[in-house]
Amino acid sequence: MCRRSEAHCRSVLCRELSRIRRPETSVRILLVEDSRRLGALIADALRSHGYVVDLMRTREDAETALATAAYDAVVLDLGLPDRDGMTLLPSKGGSRIACPILVLTARDSTEALIDALDGGADDYLRKPFDMDELLARLRALMRRPGQALGLRLSERNVEFDTTHRRVKIAGRDVEMSRKELAALELMLRRIGTVVSKAHIEASLYGFDEEVGSNAIEVLIHRLRKKLAGAQAELEIHTLRGIGYVLTSVRA
């Protein structure tokens with residue numbers, strides 16, 4: 001909790017968010033949930049499936065985030081402490097959210113749900129809900145034309161199932177950490193293209209996550225070893241001072 005003035009806290013939030021360079025291949029979720037426990041549970045579940053998550057607990061903080069960074073989806077609780085979450089919906093409060101919106105609500109009346117859908121929500125879940133259902137609904141929203149999430153990525157003998165977060169190399173399952181999976185997905189989506197260290201950092205870490213000075217180098221080193229150990233027909237090259245590129249193994 002910030003102990004300084006509210007204005008100062010909001011200034012710090014805006015400054016931190018403005019540092020995000022939103023790469024075109026990252027999958028970044030804005031989660032708006034005032035319950036610390038539920039918000040943490042949802043954020044952990046999303047991160048375990050490879051998403052970058054920014055968690056906000058008020059409508060005002062959510063507005064700041066939306067004005068500063070670009071998101072692929074919004075998971076929105078309606079019962080916020082400062083204003084009704086409905087006012088964030090495009091047809092209710094003039095919000096310019098262009099990505100899919102999944103509403104979470106304890107309101108069980110049909111009228112309330114119709115109101116949310118008419119207001120600009122793309123889907124909704126009643127609380128309490130199953131976390132697997134939330135993840136499935138989110139994936140379905142982002143599989144729509146023009147959204148960020150593809151189902152399977154395949155290049156040479158490497159196959160990546162983005163739904164179940166599994167990698168097969170030469171037909172065999174290869175165990176990878178959450179960050180290794182996210183880095184591989186990012187590079188597969190931009191195969192043959194140089195990806196900068198800053199780009200990878202922005203794709204894999206939310207603004208409130210601590211990132212060590214050599215975290216990306218260590219991550220790429222581990223990923224490179226796993227690809228080589230599984231005899232992948234892909235390899236990662238380091239372009240010093242520029243970034244990394246995933247290419248086919250030279251014959």
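The following dialogue explains how terms are applied to this predicted model.

Modeller: Residues are numbered from 1 along each chain as its sequence is written, and side-chain values use heavy atoms, with hydrogens and water left out. The model is predicted, so local features need pLDDT of at least 70 and side-chain atom pairs count only at pLDDT 80 or more, while totals for chains, interfaces and linings use all residues.

Colleague: What does the secondary structure of the chain come to, and what makes a run a helix or a strand?

Modeller: The chain has nine helices and eleven strands. Helices (H or I, at least four residues) and strands (E, at least two) are DSSP runs, numbered from the N terminus.

Colleague: How much of the chain counts as buried, and why is a residue called buried or exposed?

Modeller: Of the 251 residues, 47% count as buried. Buried means under 20% relative accessible area, exposed means over 50%, and partly exposed is in between (1.4 Å probe, protein chains only). The chain exposes about 12,900 Å², of which carbon and sulfur atoms supply 47%; accessible areas come from the Shrake-Rupley method with a 1.4 Å probe, and for residues only the protein chains shown count as cover.

Colleague: Why are β6 and β9 called edge strands?

Modeller: An open sheet of four strands has the order β6-β7-β8-β9, with antiparallel pairing. Its edge strands are β6 (152–155) and β9 (172–173), each of which pairs on one side only.

Colleague: How do you know that the neighbouring strands pair?

Modeller: Two strands pair if DSSP finds at least two bridges between them. Four bridges join β6 to β7, four join β7 to β8, and two join β8 (residues 166–169) to β9. Among the facing residues, Glu155 has Val158 in β7 as its bridge partner, Asp161 stands opposite Arg166 in β8, and Lys168 stands opposite Asp173 in β9.

Colleague: How many residues lie between the strands of each hairpin, and which turn residues have a positive phi?

Modeller: The hairpin of β6 and β7 has two residues between its strands, and Arg156 in the turn has a positive phi of about 50°. The hairpin of β7 and β8 has four residues between its strands, and Arg165 in the turn has a positive phi of about 55°.

Colleague: Why is Gly171 called exposed?

Modeller: Gly171 lies in the loop between β8 and β9. Its relative accessibility is 59%, so Gly171 counts as exposed. Between Gly171 and Asn157 there are 7.5 Å in space, C-alpha to C-alpha, although they are 14 residues apart in sequence.

Colleague: What makes the pair of Lys127 and Glu33 a salt bridge?

Modeller: A salt bridge is a side-chain nitrogen of Lys or Arg within 4 Å of a carboxyl oxygen of Asp or Glu. The closest N and O atoms of Lys127 and Glu33 are 3.0 Å apart, so the pair meets that definition. The pair links distant parts of the chain, with Lys127 in the loop between β5 (123–126) and α6 (131–142) and Glu33 in the loop between β1 (28–32) and α2 (36–48), 94 residues apart. Lys127 is partly exposed because its relative accessible area is 24%, whereas Glu33 counts as buried at 1%.

Colleague: How many salt bridges does this rule give, and what makes Arg222 and Glu180 another example?

Modeller: The count comes to 14 salt bridges. The side chains of Arg222 and Glu180 meet at 2.8 Å, N to O. Arg222 lies in helix α9 (residues 215–229) and Glu180 in helix α7, so the pair ties together parts that are 42 residues apart in sequence. Arg222 is partly exposed, at 35% relative accessible area, and Glu180 counts as buried, at 2% relative accessibility. Salt bridges that share partners also join Glu33, Asp77 and Lys127 into one network.

Colleague: Where are Asp84 and Arg107, and how do their side chains meet?

Modeller: Their side chains meet in a salt bridge of 3.0 Å, N to O. Asp84 lies in the loop between β3 (73–77) and α4 (90–93) and Arg107 in the loop between β4 (101–105) and α5 (110–119), so the pair ties together parts that are 23 residues apart in sequence.
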